[in-house]
Amino acid sequence: MERTDRPVVPDGLPRLRAGWHASPEQGACLMEYVSVLAGTSFDDHPRCTDPTLAALARLVNDASTDDGRPLLAAFAPALAGTARFRDARRTAAVVHAAVRAAAAAAEHPALLRRHLARAGRRCVRVAGTGPRAGLARWLDPLYRQGPGRHRLEAAVAALWDLPGPRRDAALRATLAAAVAAARAPVTGGPVPSAHAPGPRPDQLQA
């Protein structure tokens, strides 16, 4: 019997699949899907999305099951409007939110303890004042490509051992927390608790 519980992809939009694709006819990863939705050239690095969020979205897309991946399309409108938010403090908040959400869902959260602590310290450092804080903010591009990227990869990797439906739900929760952090006002306030729950995907609005 044919399944009817999968989300229906609107006409003109590619189906979400793992990996990189040469054209929409082959399918699309989540960020390629965003590029089509935004009306830009077909690319998995669209300029309309914050690069830290885009990196996480690509990881989440490839780690999702074939059944769970279509549900990621709900994130596309929110992802498409985050490029204007780029800021070192926001980068740090996105990484911290992603690691925190993954640690809350992972079978072995201790594997992320060191990454979570360092992500939290990064949030405090870039929100500070003085030469060191200024240097940390200036080095944000290096952080995104190095330690920040590594922590996102660790967060997603920690969810791989979960059974399929739980893994998909945890990956969506991780991406939802990161998107919410990117869209929140930048503040110099305290870093959220590692045990504080992140928002659900249905709480996000485009």
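The structure is a predicted model.

The protein chain contains eight helices and zero strands. Followed along the sequence, its elements give the pattern α-α-α-α-α-α-α-α. The chain has 206 residues, of which 45% count as buried. Its accessible surface amounts to about 10800 Å², and carbon and sulfur atoms account for 54% of that area. When contacts between residues at least 6 apart in sequence are considered, 67% of them join residues at least 24 apart.

Helix α4 (residues 88–105) packs with helix α8 (residues 164–183): their axes come within 8 Å and cross at roughly 155°. The crossing of α4 past α8 is right-handed. On the α4 side, the contact is formed by Arg90, Ala93, Val94, Ala97, Ala98, Ala101, Ala102 and Ala105. On the α8 side, it is formed by Arg166, Ala170, Ala173, Thr174, Ala177, Ala178, Ala181, Ala182 and Arg183. By class, the residues of the contact of α4 with α8 comprise 13 nonpolar, one polar and three charged.

Helix α2 (residues 51–63) also packs with α4, at an angle of about 25° and with the two axes 9 Å apart. Angles under 35 degrees count as roughly parallel, and α2 and α4 are therefore assigned to that class. In this contact, Thr52, Leu53 and Leu56 of α2 meet Thr91, Val94, Val95 and Ala98 of α4. Five nonpolar and two polar residues make up the contact of α2 with α4, and no charged residues take part.

From α2, the residues involved are Leu53, Leu56, Ala57, Val60 and Ala63. Their partners in α8 are Arg167, Leu171, Thr174, Leu175, Ala178, Val179 and Ala182. The contact of α2 with α8 consists of ten nonpolar residues, one polar residue and one charged residue.

Two alanine residues were examined individually. Ala103 lies in helix α4. With a relative accessibility of 13%, Ala103 counts as buried, because the limit for that class is under 20%. Leaving aside residues up to four places away in sequence, Ala103 touches Pro109 and Leu112. His115 is twelve residues from Ala103 in sequence, and the C-alpha atoms of the two are 9.7 Å apart in space.

Ala80 is located in the loop between α3 (76–79) and α4. When residues up to four places away in sequence are not counted, Ala80 touches Val34, Cys48 and Thr49. Ala80 and Ser35 are separated by 45 residues in sequence, whereas their C-alpha atoms are 7.7 Å apart in space.

Definitions and conventions. Residues are numbered from 1 along each chain as its sequence is written. This is a predicted model: local features need pLDDT of at least 70, side-chain atom pairs count only at pLDDT 80 or more; totals for chains, interfaces and linings use all residues. Side-chain values use heavy atoms; hydrogens and water are left out. Axes are lines fitted to C-alpha atoms, for helices over the stretch in contact, and angles run from 0 to 180 degrees between N-to-C directions. Helices (H or I, at least four residues) and strands (E, at least two) are DSSP runs, numbered from the N terminus. A crossing is left-handed if the near helix is turned anticlockwise from the far one by less than a right angle, and right-handed if clockwise. Contact means heavy atoms within 4.5 Å. Ala, Val, Leu, Ile, Met, Phe, Trp, Tyr, Cys and Pro count as nonpolar, Asp, Glu, Lys and Arg as charged, and the others, Gly among them, as polar. Buried means under 20% relative accessible area, exposed over 50%, partly exposed in between (1.4 Å probe, protein chains only). Accessible areas come from the Shrake-Rupley method with a 1.4 Å probe; for residues, only the protein chains shown count as cover. Angles under 35 degrees count as roughly parallel, over 145 as roughly antiparallel, 65 to 115 as roughly perpendicular and the rest as oblique.
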